[in-house]
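Welcome! Below is a short tour for anyone meeting this protein model for the first time. Have a look at the structure, then read on.

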Amino acid sequence: MHARAAAALTSVAGSVVIGVLVLPTAAQAAPAHNRTVVVAHRGASAYAPENTLAAIDRAHALGITWVENDVQRTKDGALVVLHDTTLARTTNVEQVYPDRSPWNVADFTSAEIAKLDAGSWKGAEYTGSRIPTLHQYLRRVDHNHQKLLMEIKSPELYPGIEVQILRELRRDGWLDSWDVRHRLIVQSFSADSVRTVHTLRPDIKTGFLGTPAVSELPAYAKFADQINPSHTTISADYVKSVHALKGPHGKPLESYTWTVNDAKTAQKVAGFGVDGIISNAPDVVRKAVGG
């Protein structure tokens, strides 16, 4: 923030002097806070079908830089972007493949998944939207000059997926030093998966999804740069405890909380001091907290 301009003002030691009267500058009047990062959850998923290219584009149209996604693996080893471990909720898989219940992602080839409509459930205007491969998704995020918070989804179902994801990231140019420093975070609910990514590529920023006990935070700080909990599980004291520790890159641990979709809750968690807010309606959150 900047001190407001006025006639005949002189700055002295961080204060504003008017004659013999000393007034605090804006920086002194209130503690400085970094802007809260706002992340579009599965893209701008309040407005477009989650985890599709349309959702990325909608976030871009809203001016949201960071997008979050979920990565899984198909039967034939392709990496695709989808939240649920089954295809039933967000596609027409039950109509296209009625005899293949429970429609697990891992039971379908990439070619079979490419035939599914992943958009019409959200609205007729999205009919024909597809489940993107990770390659397609990365290209679109790159095209939009956006940044990526990537979740490795249910890695216990996909042994070795961390190595495969890193290979794809490298092939698509996401592991260059600038990209790693400025526009990529890899997270998971699985501590083992996060630890694996950190071991394989210690330069990559990582996040653990969950709310570990405060006593357990030092163990997580060895391999995770972020502790990313549900907004229903945190307090200002918890966030302060996270910030009190340094992560594997020697910087204070961060906390991105999820999934916040209204202004009141956004302001509440911003008041707790979180570093980021993950939202289906990122424009609502940005307006509320100025992120």
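This is a predicted model: local features need pLDDT of at least 70, side-chain atom pairs count only at pLDDT 80 or more; totals for chains, interfaces and linings use all residues.

**Helices α11 and α12**

- Helix α11 covers residues 263-272 and helix α12 covers residues 282-289; their axes come within 9 Å and cross at roughly 55 degrees.
- The crossing of α11 past α12 is right-handed.
- On the α11 side, Ala263, Ala266, Gln267 and Ala270 take part, and they meet Val284, Val285, Ala288 and Val289 of α12.
- Sorted by class, this contact has seven nonpolar residues, one polar residue and no charged ones.

**Helices α6 and α8**

- The axes of α6 (residues 161-171) and α8 (residues 191-200) come within 9 Å, crossing at roughly 50 degrees.
- That angle is why α6 counts as oblique to α8.
- Here, too, you will find a crossing that is right-handed.
- Glu162, Val163 and Leu166 make the contact from α6, while Ser193, Thr196, Val197 and Leu200 make it from α8.
- Four nonpolar, two polar and one charged residue make up the contact of α6 with α8.

**Helices α2 and α5**

- How do the axes of α2 and α5 cross? The axes of α2 (residues 53-61) and α5 come within 10 Å, with a crossing of roughly 15 degrees.
- Angles under 35 degrees count as roughly parallel, so α2 is roughly parallel to α5.
- The crossing of α2 and α5 is right-handed.
- From α2, Leu53, Ile56 and Asp57 meet Gln136, Tyr137, Arg140 and Val141 of α5.
- The contact of α2 with α5 divides into four nonpolar residues, one polar residue and two charged residues.

**The cavity**

- How many cavities of 30 Å³ or more does a search of the whole structure find? The search turns up one.
- The largest cavity has a volume of about 60 Å³.
- Its lining is made of Glu50, Asn51, Thr52, Val81, Leu82, His83, Thr90, Ala118, Trp121, Arg130, Ile131 and Pro132.
- By class, six of the residues lining the largest cavity are nonpolar, four are polar and two are charged.

- Ser101 and Pro102 are joined by a cis peptide bond, with omega at about 10 degrees.
- To find Pro102, look in the loop between α3 (93-96) and α4 (110-114).
- Another cis peptide bond runs from Trp258 to Thr259, and its omega is near -25 degrees.
- Thr259 sits in the loop between β11 (256-257) and α11, and α11 is also the helix that crosses α12.
- His145 is not a glycine, yet its phi is positive, at about 55 degrees.
- The loop that holds His145 lies between α5 (134-143) and β7 (147-152), and α5 is also the partner of α2 in the roughly parallel pair.

Terms used
Residues are numbered from 1 along each chain as its sequence is written. Side-chain values use heavy atoms; hydrogens and water are left out. On a 1 Å grid over the protein atoms alone, a cavity is a set of points where a 1.4 Å probe fits but cannot get out, and a pocket is an open set with protein on both sides within 12 Å along at least five of seven lines; lining residues have an atom within 4 Å of a point. Grid points are joined across faces, edges and corners, and a volume is the space filled by probe spheres set on the points. Ala, Val, Leu, Ile, Met, Phe, Trp, Tyr, Cys and Pro count as nonpolar, Asp, Glu, Lys and Arg as charged, and the others, Gly among them, as polar. Axes are lines fitted to C-alpha atoms, for helices over the stretch in contact, and angles run from 0 to 180 degrees between N-to-C directions. Helices (H or I, at least four residues) and strands (E, at least two) are DSSP runs, numbered from the N terminus. Angles under 35 degrees count as roughly parallel, over 145 as roughly antiparallel, 65 to 115 as roughly perpendicular and the rest as oblique. A crossing is left-handed if the near helix is turned anticlockwise from the far one by less than a right angle, and right-handed if clockwise. Contact means heavy atoms within 4.5 Å.
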